[in-house]
Amino acid sequence: RLFQEALSAVRKKEVGQSGTAGDPEDVFFYRTYEYNQIQEVLAQFETGGTPCSILLKGESGAGKSTLKKKIKAAHLDQFTFLEVQCSLIERVISYSPWMRVINQMEMELDKQHLKRPPHWKSVKNNLVFDLKKENYPTPQILETSENFNADLIFKSIHNALGILGAHKKVVIILEDIQWLDQYSVRLLVNLILNNTENALFLLTTSDEAGDSFENLNILVELNKLAVISLKRFNKVEVTGILKKFFKTKKITPQIADDIYEKSRGNAFFLKIYIDVYLHNTDEKLIFKIMQNVLKEKFTGFNQTSIKILRAIAVYNGDIKVEFLLEQLDLKAFELIDAINDLVRFNILEEKRDDTGLKINFIHESYRDFIYEELSETTKLIMHREIAQALEQKLSSRGDIQSYLTLRYHYELANDKVKRLKYEGIILYYHLNFSHELFPSMDDFELTNQTKLKLNNESALNWIHEVEVELQKVINLKGGD
């Protein structure tokens, strides 16, 4: 929904533009295999077979909500749908999602003039806040006789589903169950384990949450729960999607490769980059509108992971694991475990070259999001710390990339003297010609010449003297 709103905002004057294939949702769906898997389960459920609930898993932006939406739209006539979106805050509120499920069930029972099950009123009055009726939940049902009351809640919901399902089978949708509190998880497992033939659960969870629900594995082994994983699109699938989407616009292999490399097969980013190519949309504008989606991606990570992500975001490039370990106050195995998790969750990727193992964000937008979340003070301090650490490691025969990196960090650390110092060194590189009339433009030869000149004692001493004098002037002017 958010993505569609974003596109609508930037496409107001692009209505009717050629090159598209109609509704992006229709073209972009491209989850035929997973869709058919769910259809088979629902067909069996509809014809009286043993109900098997469904769990959709995938990283943020994989298309779980789109798939759920398609399934729901295709079965509105066959089933009664009860739908709840879970949120992070509900981890600390017992039974919060079930309060909304009970409220929706009450409306359905009332609409169909059906009899309520035993103890239904007691559970509803104690669990659900109704502003119109000025009914305030009381704590007794949650605070006393825990086992009895949990059983009472289970039986009331179980019986109500039986009553509703006898008239029209019920599908309960719970999105983002990684945010369920422990009592809600137990109730969910109990309901799936002892489900009636007239009710089924359709659940979604994010890969970023990890394997947080061991009890769900038991349900899978008992054939009470089917897990359907939404993987990233591979290069062949992305090419197929692009051919469908760009019906009247030619897609070169270079553009296809570029879109795949930028999106890495994630449906969310694929949508963004297709729109960028189709409509010349400013991708920064869309990323800005989609902050909520990116925020979801990083919610729930521990402090160690966040510390690593912040350091990599400020570094802004492929960073050596050894350098990261030196900069962060972490134990080696603690760092490795956190990096492995971030790689597994498709946040970071590992790269290996002649200099060793390096890591970086999979998507530039991930880096931008983490970086923009930092305060200005934090950015200044972290850039200065990184620059000073890199400067200490700089050899007497430094390369141009090292100087560019140092200039970048000192500039963002607001260290004008250091920035000017490396501006001067970089200038030596770019203006270092072997002859006034016939300069050598060969990069290999130019690099060798630059290294020789930069190692010239008088040149380096001059740069150092300029740095010292500038620092004196700044100190006299009060650091301005």
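Biologist: What share of the contacts in the protein with a separation of 6 or more comes from residues 24 or more positions apart?

Modeller: This is a predicted model: local features need pLDDT of at least 70, side-chain atom pairs count only at pLDDT 80 or more, and totals for chains, interfaces and linings use all residues. Residues are numbered from 1 along each chain as its sequence is written, and side-chain values use heavy atoms, without hydrogens and water. A contact means heavy atoms within 4.5 Å. Of the contacts with a separation of 6 or more, the share from residues 24 or more positions apart is 70%.

Biologist: Are H20 and H21 roughly parallel or roughly antiparallel to each other?

Modeller: Axes are lines fitted to C-alpha atoms, for helices over the stretch in contact, and angles run from 0 to 180 degrees between N-to-C directions. Helix H20 (residues 376–393) and helix H21 (residues 400–412) have axes 8 Å apart and pack at about 150°. Angles under 35 degrees count as roughly parallel, over 145 as roughly antiparallel, 65 to 115 as roughly perpendicular and the rest as oblique. H20 and H21 are therefore roughly antiparallel.

Biologist: How do H16 and H19 lie relative to each other?

Modeller: The axes of helix H16 (residues 303–315) and helix H19 (residues 364–372) cross at roughly 105° and come within 9 Å. In the contact, Leu309, Arg310, Ala313 and Val314 of H16 meet Arg367, Ile370 and Tyr371 of H19. By their angle, H16 and H19 are therefore roughly perpendicular.

Biologist: Is Asp176 buried or exposed?

Modeller: Asp176 stands in the loop between strand S3 (170–175) and helix H9 (182–193), and its phi is near 60°, a positive value in a residue other than glycine. Buried means under 20% relative accessible area, exposed over 50%, and partly exposed in between (1.4 Å probe, protein chains only). Because its relative accessibility is 10%, Asp176 counts as buried.

Biologist: Is Asn223 buried or exposed?

Modeller: Asn223 belongs to the loop between helix H10 (214–221) and strand S5 (225–229). Asn223 also has a positive phi near 60°. With a relative accessible area of 60%, Asn223 is exposed.

Biologist: What percentage of the residues of the protein count as buried?

Modeller: One of the helices, H5, has buried residues that include Trp98, Ile102 and Leu109. Over the 480 residues of the protein, the buried percentage is 45%.

Definitions and conventions. Helices (H or I, at least four residues) and strands (E, at least two) are DSSP runs, numbered from the N terminus.
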